[in-house]
Amino acid sequence: MLILVLAGCASRPAPVEAPPFSDAAAANFTALENVRLVDGLGGPPQSSQTVLLADDRIAAIFATGSAPVPRGAKRIDLEGQTVLPGLINGHVHLTPNPDREKALAAMLKNGVVVVRDLGGNVGMLSALNSAKGPLPEIVFSANMFGEGFLIDARVERASRPFPPGEAPWMKLVTPGTDLAAAMKEVEDAGAKGIKIYASLDAAEMARVTAAAQEGGLKVWVHSVIFPASAADAVSAGADQLIHAKGLVSVGASDIPDTFAEGTGTWTPQLEFETIDPGSEKFVQLFAQMRSKGIALEPALIADGDVQMRLRPLAPWQTAQRDWACAITGEASRAGVTITAGTDFFGQPGLLFDELERLQACGLSPMEVIEAATLNNARVMGIEGDYGSIEAGKRADLLVVSGDPLEDAAALRNTVMVIQSGDVAFDARSAVDSQ
């Protein structure tokens, strides 16, 4: 049994017990020495630490020199560098990307060790989790929606080889749908949760939410479901709302029934400048979200930042972009858990853009790190393995230069990426295990 030795951590939570080793000397040990540790748990950074890895797990964390390193361990001196949990991108769409494997490999080089695909073809993408080269782990969702969304071209593409709306991961919901059976199909397909997308009213959305959670699945919901609103999703007890911009639906009485109408005509006509993000209806919404543990994924760069690189935004798009930023700041200050996702096709640098945008909208650098690590892990139900640096968790780590607690932009300064205890990328030597 490997004995954990922790130094200088009296005020920190007790670590998860490391898994037993029948023969400690036989384990594949790596010691990351002299690192500045940001463990993702919200505490202050710790200098001159050693993170000891055994096979694919974190075995121990201790002040460098305060405990022996196992004989024969690979020792990597990272003095002056900061080690963090591997990053998690909570919102990608890989199905439309023909170069998805290449995109995933590039994301891993940036320290992204997990992505959540929200509404793709699970049958098509699941093979990527057993690909030969090192890639981020993919967490899958199943989409659920009403008849008004069936005409969307994405339904046919993501349903293949099933007819549109009949795939276990792309499911049309009607009043006659056996939801318990549908959730069993979702689980059997390998999805960890469902994404409630569009064209469900408040009552039907609540029925779907309850069935999913009874089946042990997470529930991730668009913040406006057309015709249901963000307030309806919170009342139903969803695990997460997606898109800060959709919070504008709170208190609205004219929400259309379909996604096409909602995004095509309703949203562009909204006068975002007149909607106060600090008004009482949002104060109440955030209090409910906080009390129920409902997270918010703002997906800020998807609502203007990327588009404006290609062409000027329409006035309403600029107003929406600014409002989404303001409401994200209000939610964070109200104690709502914020998570990070890009809502794009796997472009490797976009997560950094999203994190810097979150900081600009009011999150502290530590809160930004938590949004892309432990908060994302918890909302996906994978916090037992990912999201923080603790003994017993997976050895998926990011090493950067600079101080990401001063500025989230330092997260771009990738020095090394560790996946499953192995060095997947080392910028110091430009040697890549791929």
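A nonpolar core is here a set of buried Ala, Val, Leu, Ile, Met, Phe, Trp, Tyr and Cys residues joined through side-chain atoms within 4.5 Å. The views below are taken from a predicted model.

**View 1. The largest nonpolar core and its most connected members.** The largest nonpolar core holds 112 residues, of which Ile194, Leu241 and Leu247 touch the most other members. Apart from this core lies another, made up of 17 residues, with Leu53, Leu397, Met416 and Ile418 among them. In soluble globular proteins, nonpolar side chains tend to be buried together.

**View 2. The surroundings of leucine 241.** When residues up to four places away in sequence are not counted, leucine 241 touches Val221, Ser223, Ala230, Ala233, Val234 and Leu247, and also Met289, Ile294, Ala295, Leu296 and Glu297.

**View 3. Methionine 205 in helix 5.** Methionine 205 belongs to helix 5, which spans residues 202-214, and it counts as buried because its relative accessibility is 0%. With neighbours within four places in sequence left aside, the residues in contact with methionine 205 are Ile196, Leu200, Val221, Ile225, Ala228, Asp232, Ala233 and Ala236. Alanine 238, 33 residues from methionine 205 in sequence, is 9.5 Å from it in space, C-alpha to C-alpha.

**View 4. Glutamate 33 in strand 1.** Glutamate 33 is part of strand 1, residues 29-37, and its relative accessibility is 11%, so that it counts as buried, the cut-off being under 20%. Beyond its neighbours within four places in sequence, glutamate 33 is in contact with Gln49, Thr50, Thr64 and Val69, as well as with Arg75, Ile76, Asp77, Leu78 and Glu79.

Note on methods
Residues numbered from 1 in each chain as written. Predicted model: local features only at pLDDT ≥ 70, side-chain atom pairs only at ≥ 80, totals over all residues. Heavy atoms only, no water. Helix = DSSP H or I, 4+ residues; strand = E, 2+ residues; numbered from the N terminus. Buried < 20%, exposed > 50% of the residue type's maximum accessible area, 1.4 Å probe, protein only. Contact = heavy atoms within 4.5 Å.
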